[in-house]
Amino acid sequence: MSALPELIDGGVRLAVPLLLASSGELVSERAGVLNLSVEGMMLTGAFAGAVGAAQTGDPVVGVACALVASGLVAVLQALLSVTLLADQIVTGIAVNALALGLTTYGARLYFTSGRDVGGFDEIALPGLSRIPVLGPALFEQSALAFAGLLLAGCLAVLFSRRTGIGLALTAIGEDAVSADRAGLPVRLVRFGAVLLTGVMAGLAGAQLALADIHAFTDNITAGAGYLAVVAVIAGQWRPWPTALACGFFGIAQALQFAAPTLGVEVPSALLIMLPYLLALAAVSGFARAGRSPSALTVPFVREARA
Amino acid sequence: MMRQLTAAPGFGWVLAIAAAAAVGLALITGTGTPVAVGTGALRDGMFGTPYAIGNALNAAAVLALVAVGFTIAHRAGLVNVGGEGQIAAGGIAATLVGVALPDAWPPAAGVPLTLAAGFVGGAVWALGPAVLRSLRDTSEVITTLLMNFVGAGLVALCVHEESLLRQPITSAATLPQSAPLAPSARLPLLGPPEAQATAAILVAAAAVLVALVVTRWTVTGTRLVAVGRSVPAARRLGLPVARLQVAALCTAGGLAGIAGATLVATVPFVLKEGFTAGFGFAGLVVGLLAGRSIAAVAAIALAFGFLASGGINLQIAAGVPASSVQIVQSVLIIVVAGAAILRERGTS
């Protein structure tokens with residue numbers, strides 16, 4: 001494979017988990033809940049997916065395990081940030097540390113011999129995958145990736161600003177107290193949005209462990225969840241720009257593998273830093289605070305305080 | 001000062017410590033280790049030998065430095081999640097100075113210079129997020145967090161490139177790490193040599209004392225709290241809000257940088273990948289648990305230092321993964337954060 005198709009192929013491969021995770025996080029942030037714990041949800045999903053697949057030999061069971069496990073992390077996060085009104089940033093970081101600790105501990109106990117697990121093979125969509133350069137990159141994915149991307153697309157349409165449910169989401173994220181007075185179930189929607197984030201992040205983690213790497217390694221996500229959160233911010237809380245940001249981060253991550261074939265002599269450590277530098281530029285350059293949902297990270301309490 | 005802690009009815013803390021202890025016991029038994037063996041290993045790792053105690057105090061010093069910085073920024077209304085990256089930057093800067101110092105210098109000259117380099121490195125690392133926060137209102141949480149990943153990458157870059165800080169490659173077995181720091185840059189030992197307790201403890205104690213005095217009895221301390229309570233109100237008072245915010249976050253970075261300097265200036269006296277060892281995160285946890293109180297930082301850092309030292313022995317002697325300590329720490333912070341609402345309801 002020559003260099004450019006390889007870069008695009010690698011970029012898409014790395015962007016898919018980011019895209020899946022950020023599609024859920026986008027919904028949650030528009031409802032006013034910031035989940036830094038996307039990272040922990042992905043990591044837990046990857047671990048549970050790998051354990052489930054290794055235990056049964058069936059990657060579909062692995063995905064189910066991933067969804068249950070990341071869903072549990074999401075329930076914890078939702079309890080803390082929606083029900084108990086705890087600080088979303090503090091609890092998000094703590095939940096990530098808990099997930100990292102637990103999965104590392106679990107891997108020590110479970111993956112004592114090998115860490116390789118069975119997983120999904122890539123399926124080439126007939127016709128489309130023949131398109132030069134872009135075809136193999138975009139249309140040769142695992143069944144899991146296709147299903148996940150379809151789901152992400154459905155979420156974007158369902159919660160777009162042109163549907164009733166999308167408008168309700170925006171109302172809750174902009175001014176929860178008014179939304180509550182208008183009769184919208186603020187707590188319920190927010191709880192559900194966090195759960196949705198968990199499900200999508202779990203899929204992202206499963207994609208990482210079962211379709212991409214076919215193994216679980218300690219801290220396999222290594223900050224991908226944070227990149228997904230940043231993609232939502234850089235994408236100004238809109239689906240297409242968010243997807244574009246995920247693509248950029250994917251390409252930036254893929255550069256470290258493609259650089260040798262591109263004939264670029266750059267230390268690999270520099271290229272490993274690149275996605276995070278891009279992310280920094282994205283949040284500091286693009287994100288004007290005015291565009292963010294006004295009630296983001298503000299817990300909702302019904303009784304008005306004088 | 002202690003209002004934060006005393007206002008929290010013991011309930012949240014009792015709940016947190018009980019939950020953390022229960023989780024810790026479950027993690028020990030989860031590996032098939034008998035509880036008595038596990039707790040014995042933990043106790044030996046904490047107080048069993050002079051080395052265990054020295055190790056715990058050294059770890060507590062690093063945690064206290066990071067957490068004092070976190071608390072100063074926190075009082076100014078900023079959440080510094082970037083300890084890990086600031087430790088890395090401080091360690092790099094300290095190594096730059098430490099390997100260049102002449103061997104003949106006395107440590108009394110070399111060590112302060114190395115620590116000062118660490119402060120500058122960490123402060124510079126925090127400067128970007130601080131300026132972005134004060135000028136563009138970019139969340140310092142996200143930027144300091146991302147800077148952690150860049151910092152880890154920069155350490156990798158420095159120790160892999162001979163043109164930067166990598167020791168001269170003499171054979172295929174040459175490790176990717178810096179040359180050892182000059183003897184004049186190395187932290188002197190305190191107390192008996194078998195304890196390996198270093199002067200980092202004195203540095204941390206000094207930082208705690210200075211921070212205590214500044215936050216409690218100086219105008220600067222009051223101004224920081226004013227900015228932290230309400231930026232618009234502080235503006236109306238005519239306070240230089242942007243300057244105070246930048247200064248607070250850079251101080252936090254600088255103190256984490258000193259922590260990084262103490263890490264490279266102790267055994268094995270080199271800069272290498274992963275030398276930050278999660279201290280940035282653990283320091284953040286100490287700071288959060290301390291709830292803006294410097295005195296509480298000192299106490300909690302001490303407790304966490306012993307916990308970390310015990311955790312190492314738990315892995316060596318009882319085969320319980322060291323990540324157990326991280327799990328217990330995160331359970332503590334989750335329960336304390338989750339129980340905050342009970343505290344508010346209890347007092348209102």
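This is a predicted model: local features need pLDDT of at least 70, side-chain atom pairs count only at pLDDT 80 or more; totals for chains, interfaces and linings use all residues.
**Entry: confidence**

Chain A averages a pLDDT of 88. In chain A, 96% of the residues score at least 70. Helix α3 of chain A, residues 59-83, has the highest confidence, at 95. Helix α5 of chain A, residues 134-139, has the lowest, at a mean of 76.

**Entry: chain B overall**

I turned to the fold of chain B. I found 15 helices and two strands there. The radius of gyration of chain B is 20 Å, close to the 20 Å that the globule rule gives for 348 residues, so chain B is as compact as a globular protein of that length. I also looked up the extent of its C-alpha trace. Along the principal axes, the trace spans about 65 × 55 × 35 Å.

How many of the 348 residues of chain B count as buried? The share is 58%. I checked contacts in chain B with a separation of 6 or more, and 79% of them join residues 24 or more positions apart.

**Entry: the core**

Next I looked at the largest nonpolar core, which has 241 residues. Which members touch the most other members? They are B:Leu63, B:Ala64, B:Leu65 and B:Val297. I followed one of them, B:Ala64, further. Setting aside residues up to four places away in sequence, B:Ala64 touches B:Ala204, B:Ala207, B:Val208, B:Val297, B:Ala298 and B:Ala301.

**Entry: where the chains meet**

I then went to the contact between the chains. Chain B gives 38 residues and chain A gives 37 residues. On the side of chain B that touches chain A, helices α2 (10-30), α6 (107-136), α7 (140-160), α12 (279-290), α14 (323-338) and α15 (340-347) each supply at least two residues. The largest share, twelve residues, comes from α7(B). By type, the residues on this side of chain B are 23 nonpolar, twelve polar and three charged.

I stayed with α7(B). Is this helix mostly covered or mostly open? It is mostly covered, with 20 of its 21 residues buried. I also checked its length. At 1.5 Å a residue, the 21 residues of α7(B) should span 30 Å, and the end C-alpha atoms are 30 Å apart, so the two agree.

**Entry: two prolines of chain B**

B:Pro192 sits in the loop between β1 (189-190) and β2 (197-198) of chain B. B:Pro192 has 11 other C-beta atoms within 10 Å, so it counts as exposed, the cut-off being 12 or fewer. I looked up its distance to B:Gly54, 138 residues away along the chain. The two C-alpha atoms are separated by 9.3 Å.

B:Pro268 lies in the loop between α11 (241-264) and α12 of chain B. A cis peptide bond joins B:Val267 to B:Pro268, with omega about 5°. Most peptide bonds are trans.

**Entry: positive phi in chain A**

Most residues other than glycine have a negative phi. A:Asn219 has a positive phi of about 50°. A:Asn219 is in the loop between α9 (186-212) and α10 (224-234) of chain A. With 14 other C-beta atoms within 10 Å, A:Asn219 is partly exposed.

A:Thr297 has a positive phi of about 70°. A:Thr297 is placed in the segment after α12 (268-285) of chain A. A:Thr297 has 17 C-beta neighbours inside 10 Å and so counts as partly exposed.

Note on methods: Residues are numbered from 1 along each chain as its sequence is written. Chains are lettered from A and ligands numbered from 1 in the order in which they are written. A nonpolar core is a set of buried Ala, Val, Leu, Ile, Met, Phe, Trp, Tyr and Cys residues joined through C-beta atoms within 7 Å. Two residues are in contact if their C-beta atoms, placed from the backbone, lie within 7 Å. Helices (H or I, at least four residues) and strands (E, at least two) are DSSP runs, numbered from the N terminus. Ala, Val, Leu, Ile, Met, Phe, Trp, Tyr, Cys and Pro count as nonpolar, Asp, Glu, Lys and Arg as charged, and the others, Gly among them, as polar. The radius of gyration is taken over C-alpha atoms; the globule rule is 2.2 Å times the number of residues to the power 0.38. pLDDT is the predictor's confidence in each residue, from 0 to 100. The expected span of a helix is 1.5 Å times one less than its number of residues.
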